[in-house]
Amino acid sequence: MANYVIKRLFSMIPVLLVVSIVVFLLVHLVPGDPAAVMLGAEATPQQLAELQEQLGLNKPLAEQFFNWLGHMLSGDLGHSLVSDKEVLTLLWERLPATMALIMYALLISVVIAIPLGIISAVRHNTRWDYGAMLIALIGVSVPNFWAGLLLIMTFSLHLGWFPSTGYVDVTQNLWKHLEHLALPAFALGFLQAGIVTRMTRSSMLEVLKQDYIRTIRAKGGTEKVVILKHALKNSMIPIITIIGINFGLLLGGTVVVETIFSIPGIGQLLVQSVFNRDYPVIQGVILCVAVIYVLISLVVDLLYAYFDPKIDYNEG
Amino acid sequence: MEYVEITKEAEKKGQFAEQMRAFWKVFSIRKIAAFGLAIVCFVILIAILAPLLAPFDPVEDVDYGNRIANPSATHLFGTDEFGRDIFSRVLMGAQVSIAISVSAVTISAVIGIVIGLISGYYGRWVDNVLMRIVDGLMSFPPILFAIALMAALGNNMGNIIVALAVVYAPLFARLVRGTVLSVKNKEYVEAIQVMGGSHIRILFKHILPNCLSPLLIQMTTYFAYAILAEASLSFIGLGVPQPEPSWGNILYDGRQYMLEAPWITVFPGVAIAVTVLGLNLLGDGLRDYLDPRMK
């Protein structure tokens with residue numbers, strides 16, 4: 001297992017290298033002089049030269065990349081061109097809100113999806129199954145920003161049960177924190193719930209067909225034991241995989257959801273930076289999210305060990 | 001499951017007419033998939049005929065005297081803050097959204113096919129290098145990556161297509177590579193190699209057809225994702241620039257008027273949800289038809 005973890009960590013190096021090259025090249029995709037685009041039409045030649053110097057744009061591309069990479073590796077993600085704060089500080093300020101939102105969305109999706117998927121598989125081809133699948137289909141078809149708008153219209157503007165926008169940190173007031181994140185987490189979690197329900201159902205159906213399930217039933221195992229202890233545990237691998245893969249979907253979804261609900265997370269930071277042409281922040285956010293995503297894939301791979309002890313980590 | 005036998009039967013006969021018959025049989029059993037197909041055909045038809053069907057010009061027909069008007073016989077979906085007809089804007093939005101999604105998915109599939117075929121077929125360092133690039137690109141959540149690309153390229157319709165194509169191409173490449181790996185060591189491929197068949201001929205004539213079924217299923221799914229992605233980009237102001245309508249930017253307009261004019265928010269959202277629902281149902285049906293073992 002330890003060998004596998006080390007090997008898996010090493011396999012992240014080329015991936016992170018590609019990620020850093022892409023993030024670095026983002027600025028160079030800007031048509032024309034990136035410094036001129038960042039500063040706008042009113043920039044003086046002196047300001048232009050200063051920014052070019054600051055970003056190292058007047059050096060050869062390879063040198064620029066290695067300088068940039070060196071800074072990144074030492075934790076220096078540069079400065080925001082708008083607020084003059086360090087990009088890393090901005091990310092630290094914004095990450096808690098995004099992470100809280102994602103965690104609640106994930107929680108909501110699992111709480112809805114796993115029971116729904118189990119019911120659907122156990123009552124295969126009955127009204128229960130069709131009902132659950134209809135809910136899942138609506139989940140995967142409704143865009144999360146539209147769901148967000150409908151939730152605001154219904155529960156904030158008409159019923160007044162929840163605040164429509166804003167964010168309160170968990171350390172300030174727990175109740176208000178939950179109240180502010182309830183609607184956005186639902187908007188975000190609904191899509192994920194649809195995907196996970198479908199995966200739970202098909203995975204459970206596959207496992208319920210296996211011989212060992214028949215054996216447990218023949219030995220007198222109750223349905224509860226069969227479903228929860230054996231079938232569900234053995235269905236968890238594809239379910240965890242799909243949750244892991246879709247973590248990226250949640251990270252992407254936060255951008256729009258944070259924009260609608262005015263949550264000061266990294267998604268909102270990204271959108272603001274795009275409009276401000278604040279490229280160091282854009283690069284910082286994208287890099288940070290990609291690194292989180294790569295780490296999540298690592299965690300998902302390691303979680304397999306718990307749910308499937310049959311996987312031999314010393315091979316391949 | 002009856003459609004499994006139907007599909008296998010058609011596979012044996014291998015004739016186009018037989019396959020089409022099997023397709024209709026599967027879709028007549030899976031009525032819900034047929035419903036999905038009907039929705040998708042309907043939306044595509046609307047998108048094509050939008051200029052003829054739209055009662056008003058979605059951009060030019062501004063009527064300040066009729067701002068945020070309720071849905072009525074003249075304005076079926078009401079009007080927006082400029083008095084423009086929402087029904088016409090949703091119809092034309094269909095054209096824009098579908099055109100962007102179809103182009104993006106087609107381009108990404110073509111790029112993905114080429115990379116996947118080369119990577120899977122040639123293996124070794126070529127595969128290693130290409131797949132590490134693909135892994136790296138897949139480490140970015142799609143929407144975020146698209147936003148970053150749009151930030152660099154600037155927002156216009158062409159760039160949305162480029163951004164989405166770059167985002168989805170690695171996913172197609174992975175899929176095609178997987179299929180190539182499972183096929184390339186089969187005896188018939190080795191036989192053609194021994195007989196002196198060129199690499200290009202083997203790749204495109206003998207290996208590629210095996211990739212088409214999973215590719216078609218994947219394309220349907222990504223078509224749905226692309227519609228959602230385009231709408232998301234336009235919704236945050238990074239997609240189709242105003243005043244050109246797209247489902248996402250109509251929703252963006254409606255945001256400020258949610259209380260007094262909910263129709264601006266409701267109708268384009270319904271259009272997106274119904275189209276994506278249709279594509280999902282169609283994708284499930286295609287999966288039953290093309291790859292019954294996955295069921």
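Predicted model: local features only at pLDDT ≥ 70, side-chain atom pairs only at ≥ 80, totals over all residues.
Start where the chains meet: between chain B and chain A there are three residue pairs in polar contact, with both partners at pLDDT 80 or more.

Select the side of chain B that touches chain A and colour by class: you get 30 nonpolar, seven polar and four charged residues.

Next, show both partners. Here 41 residues of chain B are in contact with 42 residues of chain A. Together the two chains bury about 3700 Å², and 81% of that is on carbon and sulfur atoms. Pick Phe140(B), Leu144(B) and Met258(B): on the chain B side they lose the most area to chain A, together 16% of what that side buries.

Stay inside chain A for the second stop. Colour domain 1 (2-73) and domain 2 (87-208 + 234-307) separately. Their centres, taken over C-alpha atoms, are 30 Å apart. The contact draws 20 residues from domain 1 of chain A and 14 residues from domain 2 of chain A.

How much area is buried between domain 1 of chain A and domain 2 of chain A? About 1500 Å², with carbon and sulfur atoms giving 78%. Select Arg8(A), Val23(A) and Met38(A), which supply 30% of the area domain 1 of chain A buries against domain 2 of chain A, more than any other three residues.

Last, check the polar side of this domain boundary: zero salt bridges and one residue pair in polar contact, both at pLDDT 80 or more. Then highlight helix 1 of chain A, which gives the most to the domain 1 side of this contact, with 13 residues.

Definitions and conventions. Residues numbered from 1 in each chain as written. Chains lettered and ligands numbered in written order. Heavy atoms only, no water. Contact = heavy atoms within 4.5 Å. Buried area = accessible area lost by both parts, 1.4 Å probe. Polar contact = N/O pair within 3.5 Å; in protein donor to acceptor, adjacent residues only side chain to side chain. Nonpolar A, V, L, I, M, F, W, Y, C, P; charged D, E, K, R; others polar. Domains from an automatic or database assignment. Salt bridge = Lys/Arg side-chain N within 4 Å of Asp/Glu carboxyl O. Helix = DSSP H or I, 4+ residues; strand = E, 2+ residues; numbered from the N terminus.
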